[in-house]
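Please keep the sequence and the structure at hand while reading.

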Amino acid sequence: MSAPTTTDQSSATTTARPHRARRWILTTLGALAAVAAVVGVVALTRPPAAPEPTGTRLEIETQTVTRGDLTEQVRTQGTLAYNAQRDLGTELTGVITGLPAPGTVVTVGQELLRIDDLPVTLLRGPLPAWRTFTAGMSPGNDVLQLEQNLAALGFFVAKPDSTFSESTTAAIKKWQKSLKVEQTGTIDLGRVVFSLVDVRVQSHKAQVGDTAGPEILSVTGPDKQVQAFLDQAQAPIAPVGTNVAITLPGGVSTTGTVAEVGAPVEQEGGDDKTLKVPVTLTLDDPAAAESLDNVAVTLLLTRTRATDVLTVPVLALLAQPGGGFAVETSDGDSTHLVPVELGTFANGLVEVTGGDLEVGDTIVVAK
């Protein structure tokens, strides 16, 4: 049997040397990628390859060097539900004689419920009612809030202020006339309920015929939101205003926008507690989830880390004995090491900021 030719030995040596080096190099790469990438880039160690017979070409996997935007992505779960769930009731004593059906949206000036067959009305404002509105009461922000509501409803003609005046009494009487109730010019504590937003009746906490109390209706805001919790390292990908892809049950795709990012909160995770960042999103098209409530959804958050940059797969990198990294290029017949300088890591890719690489070059990647 004749000995292998010199040309075959040289080719096998040129091809195999970088691949033998790659076995221990990828472990070093994994540590760097895990720190540098916001989204966890999993470092894979290439399993040792069996020695190739002399003169047999080594099979390799290749990719092409490209230029484009470098983005990172986070995929996580969230919950789609109506926002701001809470209980509402009244300070009035009496018997519940009327309740709106679950799903009803009550807005400013509308009846929230009935006590002793008289309406309890929803008004707008952040300050809860805490006293009876009547002539001679001391000035306060609650008076201002009431007059602003009466003005919005068309009953108060003066400029709203914090003083209960004759104009306030006159406006209350006009409002009471519209409700077909006794025109007293005063409002008993509990006859109006102030809320920052319209409310949607979620369920009844009490029934018609029960005694009135502070928990009669379970209500939410009128809109659905998605609530998710991100690891602290992932939070920078979701600032307020970020557009997010959302997959609803059944595979329906829609989009949402980050409306609020909260302070980190502690959550249980098995035997440990971890800090998570709460993120609230609004749906860009509420009709897409019209029939859904309190369901799990999948979120895909994307952020551009660098634009129009040269990128290679992280698994193409080879750590060099003296420090730094290289990639292995292939021309189809042989491979060559090309030292490179690196920039941003994201989604299994890395930016190449320096080195003799060009768009379209063929590079070897770990299998």
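The model examined here is a predicted one, and in it Leu122 has a relative accessibility of 0%, so Leu122 counts as buried.

Leu122 belongs to strand β7. Leaving aside residues up to four places away in sequence, Leu122 touches Val106, Thr107, Val108, Gly109 and Gln110, and also Val193, Ser195, Val197, Asp198 and Val199. Leu112 lies 10 residues from Leu122 in sequence, and the C-alpha atoms of the two are 5.9 Å apart in space.

## The mixed sheet and its helix

Strand β7 takes part in an open sheet of four strands, ordered β4-β6-β7-β8, in which the pairing is mixed. The edges are held by β4 (96-98) and β8 (192-195), each of which has a single partner strand, so that one side of each is left without a neighbour in the sheet. From one strand to the next, the twist averages 35°.

At one end of this order, β4 and β6 (residues 111-115) pair in the antiparallel sense over two bridges, and Gly98 has Arg114 in β6 as its bridge partner. Helix α2 (residues 141-152) packs on the sheet, where it touches β7 (118-124) and β8, and the direction of α2 makes about 100° with that of β7.

## The antiparallel sheet

Strands of a sheet pair through backbone hydrogen bonds, either parallel or antiparallel.

Strand β10 (residues 217-220) is joined to β9 (residues 199-204) by four bridges, the two strands running antiparallel, and it is joined to β3 by three bridges, again in the antiparallel sense. Leu217 of β10 is the bridge partner of Leu88, and Leu217 also has His204 standing opposite. Elsewhere in β10, Thr220 stands opposite Arg200. In a regular strand the side chains alternate between the two faces of the sheet. In β10, Leu217 and Val219 point one way while Ser218 and Thr220 point the other way, and all are buried.

## Arg200 and the aromatic rings

Which ring face does Arg200 lie over? Arg200 lies over the face of Tyr82, at 3.7 Å from the ring centre. With ring centres required to lie within 6.5 Å of each other for a pair, the count of aromatic pairs comes to zero.

## The largest nonpolar core

The largest nonpolar core has 20 residues, of which Leu80, Val226, Ile246, Val297 and Leu299 touch the most other members. At least two residues of this core are supplied by each of β2 (66-82), β11 (224-231), β12 (243-247), β15 (272-283) and β16 (295-313). The largest share, four residues, comes from β16.

Val226 shows how these segments meet: not counting residues up to four places away in sequence, Val226 touches Gly78, Thr79 and Leu80, then Ile246, then Val279, Thr280, Leu281 and Leu283, and finally Val297 and Leu299.

Technical notes
Residues numbered from 1 in each chain as written. Predicted model: local features only at pLDDT ≥ 70, side-chain atom pairs only at ≥ 80, totals over all residues. Heavy atoms only, no water. Core = buried A, V, L, I, M, F, W, Y, C linked by side-chain atoms within 4.5 Å. Buried < 20%, exposed > 50% of the residue type's maximum accessible area, 1.4 Å probe, protein only. Contact = heavy atoms within 4.5 Å. Pairing = 2+ DSSP bridges. Axes fitted to C-alpha atoms, helices over the stretch in contact; angles between N-to-C directions. Phe/Tyr/Trp six-rings, centres within 6.5 Å; stacked < 30°, edge-to-face > 60°. Lys NZ or Arg CZ within 6 Å of the ring centre and 35° of its normal.
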